[in-house]
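Here is a short report on a protein model. Look over the sequence and fold, then read on.

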Amino acid sequence: MRLKLLFAFLFLSQLVLAQNDTINLNEVIVSDVQLRDNNVSQTVLKLNDSIIQQNQPALTSLLNYNSVIYFKENGYGMVSSASFRGTTAQQTAVLWNGININSQLLGQTDFNTVTTRDFNSISVKSGGGSVVYGSGAIGGTVHLNTDFRFREAFQNELYLGYGSFNTINTQYRLNAGTKKWNTQISFSRNSSDNDYPFVGSDEKNTNGEYYNATVNANIGYKINDKNILKLYSQFYEDERHFSITSENAIRTKYRNANSRNLLVWTNMAGQFTSNVKAAFLKERYQYYDNIESDAFSFGEVQTFIAKYDVVYAITENIKLNAIIDYTINDGEGEGIGEAKRKIGSGVLLFKHKVSDAFTYEVSGRKEITDAYQSPFLFSAGATYAVTNWYKVKLNGSHNFRIPTFNDLYWKPGGNLNLRPESAYQADFGQEFTFGGLQLTATAYYMKIKDMLRWLPTSEGYWAPVNTDRVQSYGAEVLLDYTHKFGAHELGLKGTYAYTVSEDENTNKQLIYVPYHKLTGAVSYTFKNFGAYYQALYNGEVFTLSDNDPKYMVKDYLVSNFGIDYRIGKKNTYRLGAQVRNLTNEKYESVASRLMPGRNYNVTLTLIF
Amino acid sequence: MKINKLLGLALMTAVFFSSCTDEEIVYKEAPAAVSKGAYEKGVLVVNEGNFGSPNAEISYISSEFPTLFQNSIFNTVNPTKVLGNTAQSIGFNGDLAYIVLNGSNKIEVVNRYTFESVATIQTGLQNPRYIAFANGKGYVTNWGDAGVATDDYVAILNLTTNQITGNIAVVEGPEQIVAYNNSLYVAHKGGYSFNDKISLINSSDVVQTTITVGDVPSVIEINNNELYVLCSGKPAWSGTETSAKLVTVNLATNALAQSLTFAAGEHPALMDIEAGSIYFMKGKGVYKKDLGAAALPTTPVFTATATTVYGFAAQNSKFYVGDAIDYVANGKVTVYDAAGTLQRTYTVGVMPNGFYFNN
């Protein structure tokens, strides 16, 4: 049914295209207005298309090499969880066109289940954002967006990649547009035998094969100058075998099927811009604890969201934004039985641009739900341009992470008496711009209380309790430099994160939080030729909560090198080749989960 | 070579420990002369490790020199080997120790005194739990596929070839296994589910009978022709909570001789019989019951200093308690004297679940 609708839209957009409008509108219609308009006091790192191309296919590798977010990956392609500013995997929110897609069951996003090529804009925002983005936006947020352009376009793109360990990455993408329509369709599929040999050993990664497939359909329709309709649709499916750590361990596998649909109607009337949004999300997992058997356990949650978002421009420089939101989560599965959760929320955002140099913003959010006790959340910040090359930003916020379905409803243990994890944080950022050089340095301090942890009870089962208190502080540095001379272009990018995240009872660093993470990339293009080198350094991490130095995951430095060459002007062919883990470093990101040594990848992109 | 290092350490410790006494020379010479290995005369602590991670290991605490203590002895002695994932238990047979690794589906066979690797048994095991020895053979309890109730078995191990030679099908969730004459008693705790049976396997490797005891038989031990069974009862979250029981089976008749019921809501899971008394743990309390006593004790001998009690043993007028703490830190072992006074605390490996005495 959905497929039919999709093709109908596609067909329709072609017809409109045939009318051949002559007016060229370059306006970008963003899917996440708050990300653009309401974060002047925080640091947002935008990853452009060429960066996205360099780290294929999953979000883990893109962000690992280009942002301050630390990842732990249970072996290449396996479950991957993020830690942002020393927080847990549930304290980083992933937003799909402004909608929070962290799992309702687990509270986190697995960053190896997102194919980056399916989005035309990916951004990373440091720091709290629960007022706008809800649960989990504590350490920071990752934004996956599809932006529309209403202009003449008809472009097909076919991407083919083949690499070591029989890794095949493919995508077909269509972007068709007129001044009224923009249709973006893509199909992608990634698979790998993933049986990489371990560096310096006769053994290899066993039972690590995976595939995933995504269909995306995004359609924007400009009804008239005052009204725009946008439909975003994504279907994702995968199957991963979980690699084993000892030869005879029982082999397991995991399957995900997620669908995401969002319809937005934007209306602009005088000083008011309103967005009416309806979203339907579905997540489902199936876990096979023995691949020899067909038996599996599963969990499934359907989420309905209705949202009304109105911006009132009191003057050109003073804007008030009100959002009301109603969410229903309807879940069932092993352990949780059947459970339903309803959350209503109200958000107010106020932004005042006092002068060209000074802007401040304040916002607050309150939820009403019977599933947990919900606190009042706020955010306040300001930015001031001291000179035309130096800007300061200050932000303070109260954010939260709500209990997951498992925390609330798992039998036994789950209960409705839990409080959300609550975090107060302040950050101070400085931005320097000199010609092609941009340097951002941010220091932050954060206190998290009521951390949810499952502990054994006196009755012999485990139950979640609001227990730990954590304090995190550190600094983030982002560097971006571009220099053009004639047909040459040189780019330099770097990020550095220093993170201290301590359990307040024990004063020990949290496990799997490195003190240091560093990334760096150099790129060079000359006419049709491009080359890049990127490196990632992750400091050592503790794996035991008593910080026993004997059980640390060692630090590692891994680097990649790639080249590409374009042929043709209109119909372009782009040939690329990459060497990953250039130095054949033996490393692991999670204890006993070795990552691949040096491996190769070739790509061909046809644009027609 | 490692052994020499350790012996050196033992000697140094001995020197240090006795340097203010006249017995220095005696200590210096004696252990080396008669020693069967560095890990003789002490307790082996099984650190289970985290399920799915190969971080199981064995710690050693000397019973002669309390300061002589070493972690990760398997890997220290056998540096090219990794013990594996989820060490469930150890069984002794002669000079050999059989370390059963549940997650790795293997058994590491080592010399119990030197810890030098002898063999690795990798075939024929699926979710192995415990091992016992009788009739010149080894018997290993296996859950099979933990999600399947009907494929559980006791594997028969040829102790010469270290090959599994056959399986004896049993009811769900075989856990602890003990030998008695030429027979074996298997407690069916229930695996992922709950069970209430003891299987008797006779000398022909046939299940002769099953005895219904109480729900969830966690610990079994034979003493003086009687089998003592600590049944934990079904927990409240099962929806059909049952009381824990301490059951005695007469091994001549295989009939229940005594069954004492714990108060509702109590679910003890650790027990050890030592010097004519049964010791069990309820929460952090250690309780003592004389073998023949007609009622369960109500006051503890002492209360252990632990965050998360995970293992327990009583031996030679001492008590050993394993503390898993938060399950992601190195665990602790606390040792108490007969009166329950804390004598020593050792930081061991992750999740210390059991104690095996090398005397």
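How many residues does the contact take from chain B and from chain A? The contact takes 23 from chain B and 24 from chain A. Two residues are in contact if their C-beta atoms, placed from the backbone, lie within 7 Å.

This is a predicted model: local features need pLDDT of at least 70, side-chain atom pairs count only at pLDDT 80 or more, and totals for chains, interfaces and linings use all residues. Residues are numbered from 1 along each chain as its sequence is written, and chains are lettered from A and ligands numbered from 1 in the order in which they are written.

**Chain B overall**

Chain B holds three helices and 28 strands. Helices (H or I, at least four residues) and strands (E, at least two) are DSSP runs, numbered from the N terminus.

| Property of chain B | Value |
|---|---|
| C-alpha span along principal axes | about 60 × 50 × 40 Å |
| Buried share of the 359 residues | 46% |

A residue is buried if 20 or more other C-beta atoms, placed from the backbone, lie within 10 Å of its own.

**A sheet in chain B**

Four strands of chain B form an open, antiparallel sheet, ordered E24-E25-E26-E27. Strands E24 (309-315) and E27 (342-347) of chain B are at the edges with a single partner strand each, so one side of each lacks a neighbour in the sheet. Strands pair if DSSP finds at least two bridges between them. E25 (residues 318-323) and E26 (residues 332-337) of chain B are joined by six bridges. B:Tyr320 stands opposite B:Val335 in E26(B).

**A helix in chain A**

Helix H4 (residues 59-66) of chain A is largely enclosed by the rest of the structure, because eight of its eight residues are buried. Among them are A:Leu59, A:Tyr65 and A:Asn66.

Conventions
A residue is buried if 20 or more other C-beta atoms lie within 10 Å of its own, exposed if 12 or fewer, and partly exposed in between; C-beta atoms are placed from the backbone.
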